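Hi,

Here is the structure I promised to pass on. Have a look at it first, and then read my notes below.

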Amino acid sequence: SKAKKEAETLRRIMQGYVVTIDSLNQVNQALTAENLSTKQELGEVKGQKAALETQSAEQASVIARGSVLRSTVMTASGIFERSSGKQVDTERANKATQVKCCFTLGENLTARAGSKTLYLRVISPDGSVLPADETNNRFQFNGVEGEFSAKREADYQNKPLDMCIYWKASGKMASGQYIVEVYESGGQVGTNSFNLK
């Protein structure tokens, strides 16, 4: 009798465990399905995020390229200064004491208005960049670091702006072709060349 009661008690406990196990199996199946659904949604969200990041990077690149200032007109020449202080264009190397580069920054509504630093590179006939007066004359352009010959600040308000940058020679200038390049925000504004005899 005592063994019968204990067996019934154990049977009831076992039936309770079976119900609990069955319930846990159902919950486990539901959680597995939910987990799979969540993983799929996460995969979709990651895909959308990657697509948006790519699109954002492409748009940023387009905006960056569009915001680089460009010159509509650019002239360059050798000049010398008369005793009166008047500056005169010259094609003679033995007379030239400066390089003058004048240009018009075109209208650009994509660029941010405000102070802009413009860098002038004067490349001599032997291919070297004529050095600036200042010791720290390095800047970034076209993805590399190089020297500039002169720089100038400009207050750009998204409208055409006329300006000139001058480079002063420390010695005699060589004869041959000189190339001038102007950069802003790492991009080329314009380029030109002139000859000294």
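A definition before anything else: I call a residue buried under 20% relative accessible area, exposed over 50% and partly exposed in between, using a 1.4 Å probe and protein chains only. This is a predicted model, so local features need pLDDT of at least 70 and side-chain atom pairs count only at pLDDT 80 or more, while totals for chains, interfaces and linings use all residues. Residues are numbered from 1 along each chain as its sequence is written, and side-chain values use heavy atoms, with hydrogens and water left out.

Now the overall picture. Helices (H or I, at least four residues) and strands (E, at least two) are DSSP runs, numbered from the N terminus. The C-alpha trace spans about 135 × 30 × 25 Å along its principal axes. Of the 197 residues, 31% are buried.

N158, in the loop between β7 (150-156) and β8 (161-168), has a positive phi near 65°. N158 is also buried, because its relative accessible area is 13%. N142 sits in the loop between β5 and β6 (144-147), and its phi is positive too, at about 50°. For background, most residues other than glycine have a negative phi.

Then there is A132, in the loop between β4 (114-123) and β5 (138-141). With a relative accessible area of 14%, A132 counts as buried. Which residues does A132 touch, leaving aside neighbours within four places in sequence? The contacts (heavy atoms within 4.5 Å) are N137, F148, S149 and A150.

Last, the largest pocket. A pocket here is an open set of points on a 1 Å grid over the protein atoms alone, where a 1.4 Å probe fits, with protein on both sides within 12 Å along at least five of seven lines; lining residues have an atom within 4 Å of a point. The lining has 16 residues, with L130, W167, A169, S170 and K172 nearest the centre of the pocket.

Cheers
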